[in-house]
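Dear colleague,

Please find the structure below, handed over for your study. A short account of the findings comes after it.

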Amino acid sequence: MIAALRLAASISLIALILLCLAWEGWLAPLRPGGSLLILKAAPLLLPLFGILRGKRYTYQWSSMFILLWFTEGTVRAYADSGLSAGLAGIEVLLTFVFFVSAIYYARFSAKTA
């Protein structure tokens with residue numbers, strides 16, 4: 001169970017980083033040719049190595065940290081249209097998967113620690 005949660009969190013975080021880069025780089029940037037919103041992927045690198053290594057503390061703080069991207073995705077899914085709204089929906093889904101995986105990983109890993 002813990003291994004599956006760790007895998008789900010890792011995959012969803014990596015997918016979210018790639019989505020942010022592709023979204024703001026060339027799929028549906030705010031300005032033609034890309035925008036500086038591509039930098040929103042950079043803070044997601046902060047928890048990446050701790051998540052990949054299974055560090056419980058990283059799972060704890062990153063579960064709250066990821067809510068910034070959940071909020072951005074929710075707002076853009078509602079406010080944007082076309083491909084950008086669809087990408088925002090995917091962002092919401094990925095952040096939800098990460099959040100749930102991180103919360104349960106932190107919970108279940110505490111029992112075995």
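This is a predicted model: local features need pLDDT of at least 70, side-chain atom pairs count only at pLDDT 80 or more; totals for chains, interfaces and linings use all residues.

Residues are numbered from 1 along each chain as its sequence is written, and side-chain values use heavy atoms, without hydrogens or water.

Helix α3 (residues 56–65) packs against helix α4 (residues 67–79) at an angle of about 25 degrees, and their axes are 5 Å apart. The two are therefore roughly parallel (angles under 35 degrees). Axes are lines fitted to C-alpha atoms, for helices over the stretch in contact, and angles run from 0 to 180 degrees between N-to-C directions. Helices are DSSP runs of H or I with at least four residues, numbered from the N terminus.

On the surface, M64, L67, F70, L93, F96, V97, I103 and Y104 form a nonpolar patch with about 690 Å² of accessible area together (Shrake-Rupley method, 1.4 Å probe). Such a patch joins nonpolar side chains within 5 Å, from residues with over 30% relative accessible area and no salt bridge. Helix α5 gives the largest share, 5 residues, while M64 lies in helix α3.

The whole structure holds 5 salt bridges (a side-chain nitrogen of Lys or Arg within 4 Å of a carboxyl oxygen of Asp or Glu). In one of them, E24 pairs with K40, with the closest N and O atoms 3.5 Å apart.

Methods
Angles under 35 degrees count as roughly parallel, over 145 as roughly antiparallel, 65 to 115 as roughly perpendicular and the rest as oblique. Patches are made of residues with over 30% relative accessible area and no salt bridge: like charges are joined within 9 Å, nonpolar side chains (Val, Leu, Ile, Met, Phe, Trp, Tyr) within 5 Å.
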